[in-house]
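User: I would like to go through this model and ask what each label rests on.

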Amino acid sequence: MMKVHIKNLGCKANTFDGHAIAGRFVRAGFVMTEDPALAKIIVINSCAVTQNAGKEALYFVRRYRRNAPDSLIILAGCLSQIEETSLKEKNEIDLVVPNTQKSDLVRLAIEKLELGTQQKQEYLARASRDNLSTDGDVFFDQSLSLRTRAFVKVQDGCDSFCSYCIVPYSRGRSLSVPRGLIVDEIKRLVGQNIGEIVLTGIHIGNYGKDFGGDFNPTSAGKGLLGLLEEILKVDGLKRLRLSSLEINEVSRDLLELLSKNKEVFCDHFHLPLQSGSDRVLKMMKRIYSAGTFQECVALVRTFFSEANIGTDVIVGFPGETEKDFNETMAVLESAEIGYAHVFPYSKRPGTEASKLPQDVKQADLKGRAEILRHMSREMHQKYARCFLGRSFPVLWEQDVDDEGRRLGKTRNYLTVAGEASVHVPRRTTSRLMAGSETQIKLEKMLQHDVILGYFD
Ligand code: SF4
């Protein structure tokens, strides 16, 4: 059978798209492979959030072309959306599929393959029978049934136009999946014993904005809050996690609803800060201040006192001074963040910020990024140590070895290596891997922010 390899780059929404594309290939009769050297079709699902992200996608194109010269190489995702014309001129790429055509990617790939007429017709027939629910450019993933955790994309695109971000151009305006389809999908995943559902999207606080009429992201009705009310009613739902949320979309009502459902909702919030300097936030066109961010974190803690609150920070935005950077560090410190994903700024042509002169020296940019990454590691260790000696349910994601050791996540997103204090037969491991939680006592920190735990 013909094999397909997909390389997903960038954010969770892109990974989700990659899984959805994989599902379509499988239903059309292809087999997925982790090894690009074995693949007849290689899809690079690109990111374009920074210029470096675009370069990374092209690096993989060249590498795969070198190692698999006869494969069909397809560039999909955000880079293909914003640079479609110039990418089509590159000899190493056989097919460029922008985001607006991603639901048609499998058919386009089959058309490009050199196959006998009958075989091609068979593949095309299966691809056209594919019963994925589609709604414009937003679609569900039906391929995750064997995973411990499933991502359900509830919206795509963004209307915010932050000055550094290409997403509103590469993915278009916010588009939401109808609530009924999302709830049905979650019921299906729960029925398949998926242990955790993660609601994902590019800007999930915008959920419902495109349904028309008045829209308030922080109140019930057609927005995220109304969607969550419906999802939390699903019988058998074990864990629900939210991907990134903008702070102006975190309301008291939302937190109240989530805190009433603590047995299901995972106390882990990802709230992008981007900068702790109000001056830089303004240049970034972010619509909050550092003070509002701190208030939001404090509000979250009144409902979830032990929540793991993570954030994103961009360092070296044009015009960022040493003082601005120090303000960012101060906000992270005082808010007691659990971790920070640090992104050194790189110019993305086509964005408003790309017109600003880059006056932050590369050495300063790298130095600042390193300082914040170090800070993030320390913050994470400090946060994780608070939980040592206590027991928590852990959802297993992967086996480490045949002795019953495995890796999993607590509800507040700590990574735990489970050590079987008594022998755990393989069949027990298989049962645990099917999405169930085990009570684990957290013993000590290992390297790479992993906590060693024992079955309690
Ligand atoms: S909110 Fe801003 S940073 Fe996030 S996707 Fe939209 S434009 Fe980009």
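Analyst: In S2, Met32 is the bridge partner of Val4. This is a predicted model, in which local features need pLDDT of at least 70, side-chain atom pairs count only at pLDDT 80 or more, and totals for chains, interfaces and linings use all residues. Residues are numbered from 1 along each chain as its sequence is written.

User: Why are S2 and S5 called edge strands?

Analyst: The open sheet has five strands in the order S2-S1-S3-S4-S5, with parallel pairing. Strand S2 (31–32) and strand S5 (95–97) each pair on one side only.

User: How do you know which way helix H5 runs relative to S5?

Analyst: Axes are lines fitted to C-alpha atoms, for helices over the stretch in contact, and angles between N-to-C directions run from 0 to 180 degrees. For helix H5 (residues 105–112) and S5 the angle is about 170 degrees. Helix H5 packs on the sheet and touches strand S3 (41–46), strand S4 (72–77) and S5; contact means C-beta atoms, placed from the backbone, within 7 Å.

User: What makes a set of residues a nonpolar core, and how many residues has the largest one?

Analyst: The members are buried Ala, Val, Leu, Ile, Met, Phe, Trp, Tyr and Cys residues joined through C-beta atoms within 7 Å. Buried means that 20 or more other C-beta atoms lie within 10 Å of the residue's own. The largest such core has 119 residues, and Val300 is among those with the most contacts inside it. Helix H1 (residues 12–27) gives the most to this core, with six residues. Leaving out residues up to four places away in sequence, Val300 touches Val250, Leu255, Phe269, Ala307 and Ile309.

Note on methods:
Two strands pair if DSSP finds at least two bridges between them. Helices (H or I, at least four residues) and strands (E, at least two) are DSSP runs, numbered from the N terminus. Two residues are in contact if their C-beta atoms, placed from the backbone, lie within 7 Å. A residue is buried if 20 or more other C-beta atoms lie within 10 Å of its own, exposed if 12 or fewer, and partly exposed in between; C-beta atoms are placed from the backbone.
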